[in-house]
Amino acid sequence: MSNVRIKVSVNGNVVEHAVESRLTAVDFLRHELRLTGTHVGCEHGVCGACTVIVEGKAVRSCLMFAAQLDGKQVVTVEGLSPEDGELSPLQAAFHKHHALQCGFCTPGMLATAHAFLLEESAPTAERVRDVISGNICRCTGYVGIVDAILEASSHYRKPS
Amino acid sequence: MTAHIGMPVPRREDLRLLAGAGRYVDDVHLDGMLHAAVFRSAWPHGRIRSIDIAAAAALPGVVGVFTHSDFMATLKPIRPRIAAMPGFENFLQLPLATEKVRYVGEPIAVVVAISPYIAEDAASLISVEIETLTSILNWEAANDRSVLIHEHAGTNTSTIEVSRGDTDAAFKAAHYTRREHFTVQRHTAVPMETRGLVAVWDAVEERITVFGITKVPFFNRSTLASMLDLPESAVVMSVADAGGGFGVRGEFYPEDFLIPAIARKLDRPVKWIEDRREHFLATNHSREATCDLEIACDRDGVIVGLRGEVTVNIGAYARGTGGTSPTRCAQFLPGPYRIPNFSCRVNAHVSNKTPAGTYRGPGRVEANFFRERLIDMAATDLGIDPADMRRRNFVTAQEMPFNIGRLVTYEGPAQFDSGDFTAAFERALTEIGWTDKRAIQGRSVEGWYQGIGFASFVESSAGGVKEKARIRLAQDGTLDVYVGSASSGQGHETVFAQVCADALQLPLDNIRVTCASTNELEEGFGTFHSRSAVMSGNAVRTTAYAFVDKLRSIVSDYFGRPNVTIEWRGGRFHRSDTDASADLPTLAAFAEDRGETIDVTGTFDYTGAKPFSYGTHAAHVAVDARTGRVKLIDFIAIEDIGRVLNPLVVHGQALGAIVQGLGGAFMEHLRYDEDGQLLTASLADYLVPTAADFPAIRGEFMELALAPGNPLGAKGAGEGGIVAVAAAVSNAVSAALSSFGVQVVNLPMSPPNLWELIRNSQSKISTS
Amino acid sequence: MAGGQTLVPLLNFRLAAPSILVDINEIEGLDGIELRDDGLNLGALVRWHQIEASRTIQAANPLLSEAIKHIAHYQIRNRGTWAGSCAHADPAAEFPAVAIVSGARFGVYSTRQRRTIEAHDFFVGSLTTVLEPDEILTDVTFPAWPAGRRWAFEEFSLRPGDFAIAGVATLIDGLGDAVSCRLVCFGVGEKPSRLTNAEGIIASEGLARNAIARAAAAAAVEVDAQTDIHASADYRHALVEVLVERTVLCAAGLESPQ
C-alpha cells in the first residue's frame with residue numbers, strides 16, 4: 001500500500017501528513033487529525049453525516065480520499081465554532097429550535113447549512129429542505145433543523 | 001424561584017454536540033488500541049463444515065483471528081431480558097456460530113488487526129465451507145417443521161393465548177362481523193450511528209471497561225460479567241454519547257461479549273465499529289407481523305368483540321427483547337376502546353432472517369394498524385361515521401381507572417390509570433379540519449384523490465418497578481446527579497437537571513447530570529418502554545428530598561445546634577429565629593472540614609398505577625391514482641403524556657417519531673429474496689425519510705390527565721408519536737381511494753404497492 | 001476517478017478493488033463551459049453544481065439546466081461530473097437521456113486516437129458504453145438550441161433525489177402540422193431510449209390531447225422495462241405512459257390534469 005504526502009489546510013491550520021493512498025478523507029480527519037466531530041454514517045455517500053467543506057463546497061468526505069485533500073482548504077464542524085467559545089449564529093439557531101437530539105447528523109447538517117447559506121442567504125423553506133435532503137436524521141423529523149437554518153440565514157446576508 | 005419543570009429549557013447537551021465535541025464510541029482513541037472486524041455468514045442456513053482462517057491470520061498487521069474454538073465452553077447463550085415466550089430458551093444465540101449458521105450476518109469469526117482497514121482486508125480472506133440447508137423465511141415454512149432451525153427445540157414456533165371476556169359468545173350473538181388479514185413489513189430503527197464498542201482490560205485490577213453501551217447498561221453489565229465469569233464489580237460500562245437508539249442499540253448482542261472477551265485475551269484495547277451494511281444485517285430488525293383479525297359489532301357500531309391471531313417473524317434467534325413485539329401487539333390490539341370481549345392467539349416463529357427485537361412502539365405500531373383499519377372498514381359497512389364509531393367505543397374518563405385484563409402473560413392484569421381519550425380525539429379532528437374536509441373525502445381535486453383518516457391509541461410507559469438516582473454535593477456546592485437512564489439523544493442531561501432544580505429550588509446551572517454510569521450509580525434500570533421521564537424523573541425527585549434530609553444532619557451543627565426550626569427554602573436552609581441561612585457552597589465547605597461527604601442514593605419504587613399515555617393521530621393525504629404517489633397534506637399527532645417536563649424535548653420526540661412512523665408506513669422495507677439474502681442492506685436501498693419527504697407534520701400535547709400513580713404526574717413520551725402513524729395514514733389513503741374499492745391491508749404503501757392495489761381493485765370492478 | 005460519487009462507494013463496499021486509481025481532477029483545461037459555433041461545449045470535469053449555476057447553460061439548453069436539479073443531492077452535485085455519470089451509464093441517470101434527446105456528441109480521447117461519438121450510439125446497456133478500456137471522455141457538445149423549441153422534463157423517484165424509476169425528457173420543435181417531437185425515457189430499461197413510436201404519432205397527428213394520450217399509450221408499450229427491488233416492469237410501463245403524457249402536455253403548453 002503506497003503512501004502519499006499531503007499538505008492540507010484544516011480549519012485554518014496547515015498540516016503535513018503521509019497517508020495511505022486508500023485512506024478516506026473522513027478517516028484522515030477523524031483518526032489522523034483526531035477531529036472527531038465529523039461522523040461516519042454509511043460510507044456510501046447517502047447519509048451526509050460525513051459532510052465537510054472543501055474549497056468552499058459541502059462534500060461527502062467518505063467519498064474522497066485524504067490524498068485528494070492535498071493543497072486544499074478544508075473546514076470541519078470544529079472550524080465552525082467561534083474562537084471565544086460562544087455559539088455561532090447557526091449553532092445558536094440549532095440550539096434554540098431543538099434541531100438536534102442525538103447529535104450524530106448535526107456536524108454534517110451544520111457544514112452543509114453553512115456552505116449553503118454562504119451561497120444563498122435568503123432561501124425558502126422548500127429550498128432548505130431540498131439542500132438538506134442529502135443529510136439523513138432519524139431523531140428530529142427535520143422541522144427544527146429547517147427552522148434553525150431559516151432563522152440563521154439572516155446572519156449570512158450582507159447589510160444593504 | 002422560577003420553576004423549571006414544564007419550561008422549554010434548551011438542552012445543555014447541545015453545546016458539545018454543536019461544536020463537534022460529542023464523544024461517541026468511535027471517537028475513543030486509546031494507546032495500543034487494536035481494531036476488530038467481524039466475519040459474518042453469507043448464507044442464511046447451513047451447517048459449518050470448516051472455517052479457514054490461515055490466510056487471514058498470516059496477513060501482516062493481523063494480531064489474531066478468533067472462532068468458536070478459541071472460546072469453547074466459555075461461549076454461553078445470550079439470555080433473554082424481558083418478555084420471553086415459552087420455548088425461547090431453545091432459540092438463544094451463542095456469540096459465535098459453532099455448528100450452524102442461521103442468518104446472513106451471523107458472526108463466524110473476529111479478526112483483530114492494527115488498523116480497521118487491515119482487519120477488513122483479513123476478514124475478506126477467511127473462507128468457510130457451509131453445507132447449505134433450506135431457508136425457512138415465513139410462518140408457513142416454520143410451522144411445517146420439516147426443517148428445524150434449532151433442531152434441539154423440536155419446533156420453530158412458540159404460541160400463547162390471551163383474552164378477556166367471552167369472544168365465542170360475543171361473536172355468536174353479534175349483529176355484524178368482519179374478518180380481514182393484515183401484514184406489516186419488516187423494518188427497523190436505523191439510527192444514524194451504527195453500533196460499536198471499545199473494550200479495555202486492566203490485567204492488574206482484573207477489570208474490563210466497555211465503551212459504546214446504552215439503553216440497559218446495568219443489565220448488560222450483569223450479563224457480560226456472567227459470560228466472562230467476572231464479578232459485576234469488575235465490569236465497568238463507560239458512559240459516552242450515542243447516536244440514536246430507538247430500541248435497537250443497547251440490547252446484548254454477540255459483539256457485546258466478543259469484543260470484551262477478546263480484549264481480555266489479548267490484553268490490548270480493542271475497538272469494533274459496525275459499518276452500515278453490517279448494521280442492516282446484524283442489528284435487530286423488527287415489526288414483521290401478520291394478523292388475522294375479526295371484529296364483532298352491534299348495529300350501532302359498538303364493538304362487542306375482537307379476536308384474532310398475530311404471527312411475528314422473530315428471525316433466527318430469540319433476542320433479548322424478541323418476545324416483546326408479539327406479546328405487546330396482542331395487549332394493545334383492543335387499544336383505547338372498551339371492547340369487553342377480546343381474545344388473541346400470538347405466534348412467534350424463528351426464520352433464517354436477522355433476529356428481531358424491539359423498535360420504538362414495539363407491537364403497538366402493528367396493533368394499531370390492524371385494529372384501526374378494521375374499525376374503519378366496519379364503520380363503512382355499517383353506514384356509521386368513522387368518528388362516531390370511535391366515540392361510541394372509547395373508554396371514557398369517568399371509567400378510569402379501567403381494567404383491561406391480563407393481556408400479557410408476564411404481567412398481572414393492567415389498568416388504564418387516567419385519561420380522556422375522547423377529548424384527545426376531538427382535538428385531533430379539529431386540528432385536521434375533519435368537519436370541513438369531509439366534503440372532499442374520496443374526491444379527486446386537480447387529479448389527486450383526497451383522504452382524511454385517523455387512528456387512536458393508548459400506550460403504556462414507565463416499564464419496570466423501580467429506579468435509582470444519586471446526588472452528591474461537590475466541593476464548590478454544586479451537585480452531581482447520577483441517573484439510571486441511559487441517553488441516546490433524549491435530552492436526559494437537561495430534563496433531570498430541571499427536576500432536581502425544582503425539587504431543591506436551585507439554579508439549573510448548579511446541577512450536572514450523568515446518565516447510566518455503572519461506576520457511579522449502584523444500580524439502574526435503563527431506558528426503554530418510555531420509562532425515563534417517569535422513573536428517573538421521580539427517582540431524582542425522591543433522592544433530592546433524601547438529599548435535603550441528609551443535609552439536615554449537618555446543618556444543625558453548622559448553626560451551632562440552636563433550638564429552632566430550620567427550614568429548606570429557596571435552595572438553602574433558613575433559621576426561623578434570625579436571617580441566617582446556609583447555602584450549599586457553605587455546607588459543602590463545612591462538610592469537607594469535618595471529613596464528611598453528602599452523597600445520597602435514593603430509590604423510587606413505582607407502587608402506584610402505571611401511567612398510560614394516549615392520543616389520536618389524524619392525516620390528510622392526496623393520492624395520484626395513476627402512479628400511487630401519496631402527498632401528505634397535513635398530519636397531526638395529539639397526545640396526552642401527563643405532566644410535560646420539557647415541552648421542547650417532548651415536541652422533538654413527537655416529530656421525530658412521526659417521521660419514523662411515516663417512513664414505516666410508506667417506504668421502509670427490509671426485503672429478502674427467496675433464499676434468505678437481504679436485498680436492502682444499504683441506505684440507497686432501504687429508504688428512510690429525508691427532509692424533503694414529509695414537511696407538513698405537527699405534534700401537540702394536552703396535559704389533560706396527570707398520572708395519578710407517580711408524584712411528578714408524568715407519563716412516558718418517547719413512543720406515542722410513532723404508534724398510530726401507519727394506522728392513521730393508511731385509513732386516509734383507503735378513504736382517498738374508496739372509489740376504487742381499495743382497502744389498504746398491507747404495508748408499506750409505497751407508490752408501486754398502491755398502484756398494484758389500485759390496478760387489482762379496478763380489474764375486480766371491471767369483472768364484477 | 002473524477003467526482004468519485006459512484007466509484008468510491010463501490011470501493012468502500014469492496015465491490016471493486018483496482019490496483020491503480022488515477023485521480024484526474026487536477027487535469028487542466030477540462031472544466032470549460034463554452035458556447036461555440038457548433039453548440040454548447042462542456043469539459044469532462046464540469047461538475048453538476050457548475051451546470052446548475054450557469055446562466056450560459058440555462059439559455060443554451062434549458063432542459064439540461066432543469067434536469068440537473070433532479071440529480072442526487074446538494075453535496076453530490078458539488079463533486080459529481082456529467083462525464084462520470086455517462087461513463088458509468090446507470091440506466092436511471094438523467095444526463096445520458098438529456099444528451100440523447102438533444103442529439104449531443106461526446107469527445108473521447110485515448111493515446112491511440114481522438115474520436116467523436118453521438119450520444120445515441122454511446123450507451124450500450126446497463127453500466128455499459130462503447131468506451132474502450134483506454135479511453136476517457138473529454139467533452140460533450142450540445143447542438144445549438146433551435147428557436148421556438150419547447151421542452152419538458154419529469155422523473156418519478158421514490159424520494160426526491162433517488163434514482164429515477166422512470167423519467168422522460170421531451171423536446172418539441174415546430175408548430176401546427178410541422179410539429180415534431182423527441183422523447184427519451186430513462187430508468188425504465190437497460191439504457192435510455194428514444195420512444196420512436198410515440199414520436200411518430202405526434203409527428204403525424206400533432207398535439208391534440210387525444211393524440212398525446214395515444215402517443216403516451218404507445219410509449220408505454222414500446223419501451224423495454226426492467227423489474228428490480230424498487231419497481232416491477234409493469235409499473236414502469238405505467239409510469240412511462242403518465243410521464244410522456246404529462247411532459248408533452250407541459251411542453252405543448254396545455255394544462256395537465258395535475
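How many residues of chain C are in contact with chain B, and how many of chain B with chain C? The points below take up this question first, and then turn to the other interface and to some single elements.

1. In this structure, which is a predicted model, 21 residues of chain C are in contact with 29 residues of chain B. The area buried between chain C and chain B comes to about 2200 Å², and carbon and sulfur atoms give 55% of that area. Of the area that chain C buries against chain B, 30% is supplied by Arg14(C), Arg159(C) and Ile229(C), which is more than any other three residues supply.

2. Between chain C and chain B the count is five salt bridges, and ten residue pairs are in polar contact, both residues of each pair being at pLDDT 80 or more. With eight residues, H11(C) gives the most to the side of chain C that touches chain B, and by class this side has eleven nonpolar, three polar and seven charged residues.

3. The acidic residue Asp121(B) deserves a separate look, for it takes part in salt bridges with two partner chains. Its side chain meets that of Arg14(C) in a salt bridge at 2.8 Å, N to O, and Asp121(B) also forms a salt bridge with Arg22(A), where the closest N and O atoms are 2.6 Å apart.

4. Turning to the interface of chain A and chain B, 44 residues of chain A are in contact with 51 residues of chain B, and the area buried between the two chains is about 4000 Å², with 59% of it given by carbon and sulfur atoms. His95(A), His98(A) and Arg138(A) supply 21% of the area that chain A buries against chain B, more than any other three residues.

5. The count between chain A and chain B is four salt bridges, and 24 residue pairs are in polar contact across this interface, again with both residues at pLDDT 80 or more. Helix H1 (25-32), helix H2 (89-96) and helix H3 (106-119) of chain A are the elements that give two or more residues to the side of chain A that touches chain B, and H2(A) gives the most, with four residues. By class, this side of chain A has 17 nonpolar, 17 polar and ten charged residues.

6. Because 15 of its 19 residues are buried, H11(C) is largely enclosed by the rest of the structure. Just after this helix, Gly253(C) takes a positive phi of about 80°.

7. Helix H7 of chain C, residues 94-102, is mostly covered, since nine of its nine residues are buried; among them are Glu94(C), Phe95(C), Ile100(C) and Ser102(C). Just after H7(C), Gly103(C) takes a positive phi of about 70°.

8. In chain B, Phe425(B) has its place in helix H12, residues 421-432, and is buried, with a relative accessible area of 0%. Residues up to four places away in sequence not being counted, Phe425(B) touches Ala387(B), Arg390(B), Arg391(B), Phe394(B), Phe454(B), Ser456(B) and Thr616(B). Of these, Ser456(B) is 31 residues apart from Phe425(B) in sequence, yet their C-alpha atoms are 7.1 Å apart in space.

Terms used: Residues are numbered from 1 along each chain as its sequence is written. Chains are lettered from A and ligands numbered from 1 in the order in which they are written. Side-chain values use heavy atoms; hydrogens and water are left out. Contact means heavy atoms within 4.5 Å. Buried area is the accessible area (1.4 Å probe) that two parts lose on being put together, summed over both. A polar contact is a pair of N or O atoms within 3.5 Å; within protein, one must be able to donate a hydrogen and the other to accept it, and residues adjacent in sequence count only if both atoms are side-chain atoms. Ala, Val, Leu, Ile, Met, Phe, Trp, Tyr, Cys and Pro count as nonpolar, Asp, Glu, Lys and Arg as charged, and the others, Gly among them, as polar. Buried means under 20% relative accessible area, exposed over 50%, partly exposed in between (1.4 Å probe, protein chains only).
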